[in-house]
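Work through the exercises below with the sequence and the structure at hand. Each task is followed by a solution in steps.

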Amino acid sequence: MLFKKSIDSLILESNETGEGTLKRTLSAGNLIALGIGAIIGAGLFVRTAAAAAEHSGPAVTLSFILAALGCALAGLCYAEFASMIPIAGSAYTYSYATMGEVIAWIIGWDLVLEYAVGAATVAIAWSEYLNKLIENFGISIPYEYCHSPFQTSLDGVQGIINLPALFIVILLTFVLIRGTQESATINGIIVIMKVAIVLLFIAIGWGFMNPENHTPYIPENIGEVKLQNNEQSFYDFFVNDFGNFGLSGIIAGAGVVFFAFIGFDAVSTAAQEAKNPKKDMPIGILVSLAICTVLYVLFGHVLTGVANYTEFNTAGKEASVAYAIETYMLGYHWLSVLVTVAILAGFSSVILVMLLGQSRVFYSMSKDGLVPKVFSEVHPKYKTPYKSNLIFLVFVGLFAAFVPGDVVGDMTSIGTLFAFTLVCIGVLVLRHTDPLRERPFKTPFMPFVPILGAAVCILMMVGLGAHNWERLMIWMVLGMVIYYAYSKKHSVVRRQHRERKD
């Protein structure tokens with residue numbers, strides 16, 4: 001039997017006020033800034049060059065458009081849910097109302113990959129870029145104090161602890177505990193700064209583009225040619241050549257740059273803190289996504305025009321944007337410094353929103369009894385789930401301080417795509433099971449939008465490769481062990497069901 005959470009009970013819960021509830025302080029403008037703050041960060045500055053070098057070449061712009069299409073279709077489904085069910089929890093809450101407790105738990109557990117593990121990974125990257133910035137002033141943090149114990153430098157120096165990564169996690173956690181409105185204000189300042197610098201790079205870099213770098217726009221994939229000529233099987237192509245440029249490279253590139261879009265769904269986790277969620281949530285989700293897509297396509301076009309995509313395989317790496325400026329835009333060293341500042345600001349706001357999203361998802365799960373009550377205890381003065389923030393400070397902080405950043409890889413992307421897929425399916429399910437429910441925002445062109453949204457998300461998951469599917473399955477198995485050991489026994493919905501039967 002499916003144990004679902006009643007939408008009526010969710011709406012009643014969203015209208016609760018007073019002690020133990022979250023404070024409604026966020027406007028549509030705050031939510032748009034929150035979305036942009038979460039979206040523009042690690043992905044834009046780091047993943048663009050990686051996707052171009054390894055998969056799609058100059059056609060990384062098409063990868064961005066494909067990824068944006070998947071996000072836009074899922075975003076329309078998120079917007080319908082967020083306007084109907086204005087409560088913290090995002091995809092977890094929506095799945096509970098439509099597909100039952102087991103699927104909801106899977107999504108909630110899956111979102112740990114997106115938020116907590118993602119925040120730790122970005123904090124580690126923040127540490128690296130902090131070092132790059134202060135090197136401009138002749139200062140550097142000793143290797144052993146900005147790397148994990150599992151890392152050793154070329155000179156044989158072993159890391160001890162990543163102090164900068166731990167510092168930024170601690171700082172942003174206490175900003176969150178202080179209050180959501182304060183967090184949104186700081187995020188808004190960061191958003192203005194990094195968007196201005198992105199626009200500056202696009203405007204100045206446009207004049208340094210070399211048309212030859214965009215030729216061919218879609219580099220040839222030899223495997224695709226062989227497949228068309230029946231010279232190899234589809235299985236051999238998928239295992240050996242899929243994603244090595246060509247059309248399949250655009251798909252694989254979309255899976256990689258999808259990381260750049262992670263965060264727009266974090267807007268929906270703040271639904272219970274929005275002043276007018278029925279109106280503001282769809283605006284926050286869709287407008288932030290539209291703004292970032294335009295910036296991404298222009299940014300990718302300029303970056304691959306200034307430097308040839310093949311160079312990003314050997315030079316630049318994570319600092320690819322700074323490399324392109326320093327090498328091909330002579331006289332603009334100051335812009336390279338500003339880009340590094342924008343990257344640090346971008347990483348900071350991404351970590352902030354990820355920590356916010358994680359605590360709000362577990363707030364909802366705790367209210368439902370699936371995780372301990374401590375995760376839903378609200379600060380008497382600041383009205384934030386401070387104990388949840390502190391617990392995740394320990395978890396994320398330990399990961400950031402002592403684990404190398406490349407351990408997680410694309411797990412964050414595949415986990416998030418899985419959540420998006422289930423949200424798209426959830427809209428279809430609810431239209432069938434509860435067609436008369438009031439929907440302040442309706443997903444257009446039903447049922448094509450959610451079906452196409454799920455299909456595009458699954459296509460990008462395929463592009464991430466078999467090894468990431470294996471990691472996702474291992475993570476899910478671990479989550480199901482916890483569910484049957486703890487969550488099933490403490491479920492509020494199951495307890496209410498037993499009481500009704502008695």
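Helices here are DSSP runs of H or I with at least four residues, numbered from the N terminus. On that basis Leu-10 lies in helix 1, which spans residues 7-14. The model is a predicted one.

**Exercise 1. Describe the setting of Leu-10 in helix 1.**

Step 1. Burial means a relative accessible area under 20%. Leu-10 has 2%, so Leu-10 is buried.

Step 2. Ile-85 is 75 residues away from Leu-10 along the chain, yet their C-alpha atoms are separated by 6.6 Å.

Step 3. For the chain as a whole, take the contacts with a separation of 6 or more: 80% of them join residues 24 or more positions apart.

**Exercise 2. State the secondary structure of the chain and the share of its residues that is buried.**

Step 1. The chain has 20 helices and zero strands.

Step 2. Of its 502 residues, 61% are buried.

Step 3. The largest nonpolar core holds 150 residues. The members that touch the most others are Ile-40, Phe-45, Tyr-92, Phe-201, Phe-261, Phe-299 and Ile-351.

Step 4. Helix 6 supplies the largest share of this core, with 22 residues.

**Exercise 3. Work out how helix 5 and helix 6 are oriented to each other.**

Step 1. Helix 5 covers residues 91-98 and helix 6 covers residues 101-135. Their axes come within 7 Å and cross at roughly 170°.

Step 2. An angle over 145 degrees counts as roughly antiparallel. Helix 5 and helix 6 are therefore roughly antiparallel.

Step 3. On the helix 5 side, the contact is made by Ala-91, Tyr-92, Ser-95 and Tyr-96. On the helix 6 side are Glu-101, Ile-103, Ala-104, Ile-107, Gly-108 and Leu-111.

Step 4. Sorted by type, the residues of this contact are seven nonpolar, two polar and one charged.

Step 5. Tyr-92, a helix 5 residue in this contact, is also among the core members that touch the most others.

**Exercise 4. Find the buried residues of helix 20 and what covers them.**

Step 1. Helix 20 runs over residues 492-501, and its buried residues are Val-492, Val-493, Arg-494 and His-497.

Step 2. The cover over these residues includes helix 5, helix 6, helix 15 (333-367) and helix 19 (466-490).

Step 3. At the start of helix 20, a side-chain oxygen of Ser-491 comes to within 3.4 Å of the backbone nitrogen of Val-493.

**Exercise 5. Phe-245 and Phe-445 both have positive phi. Is each one buried or exposed?**

Step 1. Phe-245 has phi near 75° and lies in the loop between helix 10 and helix 11 (246-257). Its relative accessibility is 18%, so Phe-245 counts as buried.

Step 2. Phe-445 has phi of about 50° and is found in the loop between helix 17 and helix 18. Its relative accessible area is 66%, so Phe-445 is exposed.

**Exercise 6. Describe the surroundings of His-379.**

Step 1. His-379 is in the loop between helix 15 and helix 16 (386-402). With 18% relative accessibility, His-379 counts as buried.

Step 2. The side chain of His-379 reaches the backbone nitrogen of Lys-381 at 3.0 Å.

Step 3. Leaving aside residues up to four places away in sequence, His-379 touches Thr-384 and Tyr-386.

**Exercise 7. Classify Thr-293 and Ser-233 by accessibility.**

Step 1. Thr-293 belongs to helix 13, residues 277-306. Its relative accessible area is 18%, so Thr-293 is buried.

Step 2. With residues up to four places away in sequence not counted, Thr-293 touches Ala-68 and Phe-261.

Step 3. Ser-233 lies in the loop between helix 9 (222-228) and helix 10 (234-240). At 34% relative accessibility, Ser-233 counts as partly exposed.

Step 4. Ser-233 and Gly-223 are ten residues apart in sequence, and their C-alpha atoms are 9.7 Å apart in space.

Notes: Residues are numbered from 1 along each chain as its sequence is written. This is a predicted model: local features need pLDDT of at least 70, side-chain atom pairs count only at pLDDT 80 or more; totals for chains, interfaces and linings use all residues. Side-chain values use heavy atoms; hydrogens and water are left out. Axes are lines fitted to C-alpha atoms, for helices over the stretch in contact, and angles run from 0 to 180 degrees between N-to-C directions. Helices (H or I, at least four residues) and strands (E, at least two) are DSSP runs, numbered from the N terminus. Angles under 35 degrees count as roughly parallel, over 145 as roughly antiparallel, 65 to 115 as roughly perpendicular and the rest as oblique. Contact means heavy atoms within 4.5 Å. Ala, Val, Leu, Ile, Met, Phe, Trp, Tyr, Cys and Pro count as nonpolar, Asp, Glu, Lys and Arg as charged, and the others, Gly among them, as polar. A nonpolar core is a set of buried Ala, Val, Leu, Ile, Met, Phe, Trp, Tyr and Cys residues joined through side-chain atoms within 4.5 Å. Buried means under 20% relative accessible area, exposed over 50%, partly exposed in between (1.4 Å probe, protein chains only). A polar contact is a pair of N or O atoms within 3.5 Å; within protein, one must be able to donate a hydrogen and the other to accept it, and residues adjacent in sequence count only if both atoms are side-chain atoms.
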